[in-house]
Amino acid sequence: MEFRTRVESPCKVISLGYDDNMLLMGSCFAENFGSFLAKSKFTCCTNPFGVLYNPLSVAEALQQLYDGKQYGIDDLFLDDNGIWHSWMHHSSFSSAHAEDTLRLIRQHAGEADIYQRNVLIITFGTAWVYERDGRIVGNCHKMPESTFTRRMLSTDEIVARWEALPCLQQGDTRVVFTVSPIRHQRDGFHANQLSKATLLLAVEELVRRHSHCTYFPSYEILMDELRDYRFYADDMLHPSSLAVQYVLERFQDTCLDTRARQILAQWESIQKLLAHRPLNPQALSWKHFLGQTIQKLHHFHEEYPFIHVENEINQCQELLNQSARR
């Protein structure tokens, strides 16, 4: 007996593997995907501008990466608290010193390495935007709301902006779109639904027009499969860790190729070993366990030399050395 409705897989499936080079951009739900892929040893970079919620800010960030934009002090502003910000970047880039903010911006833009990426995973959060001086900002940085104009993007506006990007004009970069299931209560629940509907319609049109684009139904999985409030965090707006894990498992089943799933299963078994902590760090059994784990890491690297596990080997070796010194 089935006690839930299961969301169907997308009609167009993009198979991702360990030979792919991925860039993830968008809302905070993109961070969940990026964290999973990084821990799973895929080659990826997540949110080089920090979290961006609306489709036009994500598109602008991508265009700047393609153009190789070099940020200077004229691209920043100083708030009343003496903090330098960029309208296009998350507050995690902000600093009391303009040079530090620019250093972080340039560092992350370099790490994005856009022309080496053959897969983009894009998560849209909201169709609501804030404009200042005729420009849509990526982050308001808690500036007075009266200094912005707030409006909702149209489907046509989103589609037109994304159609102009190289990743859609050229078919050599595969694109996976998804819509964040996180509800924006501040918009009001009706306005949030209108916003999500706008995003879904825009993505549907982009996927219809481009064979190298697909849609992964994160939003539908949480709304329809996991519709119970036990799958939400304490704020009743964000998915719980269990819900995020389930969405990621569906992502694995839907978007990873067979070989990638096989490699991932082996790596997950090693991750469980790496997470183990001893009751007695001086016990011979712990030293033996570390030695066995190092051997398994070496064997894994020999089998899959394109996956880097040097850090994990060094960490285990350091633990073994510490145990020997005690």
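## A parallel pair

Strand S5, residues 119-124, pairs with strand S9, residues 174-179, in the parallel sense, and six bridges join the two. The model shown here is predicted.

## The sheet around it

Where do S5 and S9 sit in the sheet order? The order is S2-S1-S5-S9-S10. These five strands form an open sheet, and the pairing is parallel.

Which strands lie at the edges? They are strand S2 (43-46) and strand S10 (213-215). Each of these edge strands pairs on one side only. Neighbouring strands of the sheet are also turned against each other, by 20° on average with direction ignored.

## A helix across the strands

Helix H2 covers residues 55-67.

## The largest pocket

Now look for the largest pocket. Its volume is about 810 Å³. The lining is made up of 27 residues. Which of them are closest to the centre of the pocket? They are Tyr 53, Tyr 130, Cys 140, His 184 and Arg 186.

Strand S6, residues 128-132, gives the most to this lining, with three residues. What kinds of residue make up the lining of the largest pocket? Ten are nonpolar, eleven are polar and six are charged.

Methods
Residues numbered from 1 in each chain as written. Predicted model: local features only at pLDDT ≥ 70, side-chain atom pairs only at ≥ 80, totals over all residues. Heavy atoms only, no water. Pairing = 2+ DSSP bridges. Helix = DSSP H or I, 4+ residues; strand = E, 2+ residues; numbered from the N terminus. Axes fitted to C-alpha atoms, helices over the stretch in contact; angles between N-to-C directions. Contact = heavy atoms within 4.5 Å. 1 Å grid on protein atoms, 1.4 Å probe; cavity = no way out; pocket = protein on both sides within 12 Å on 5 of 7 lines; lining within 4 Å. Points joined across faces, edges and corners; volume = space filled by probe spheres on them. Nonpolar A, V, L, I, M, F, W, Y, C, P; charged D, E, K, R; others polar.
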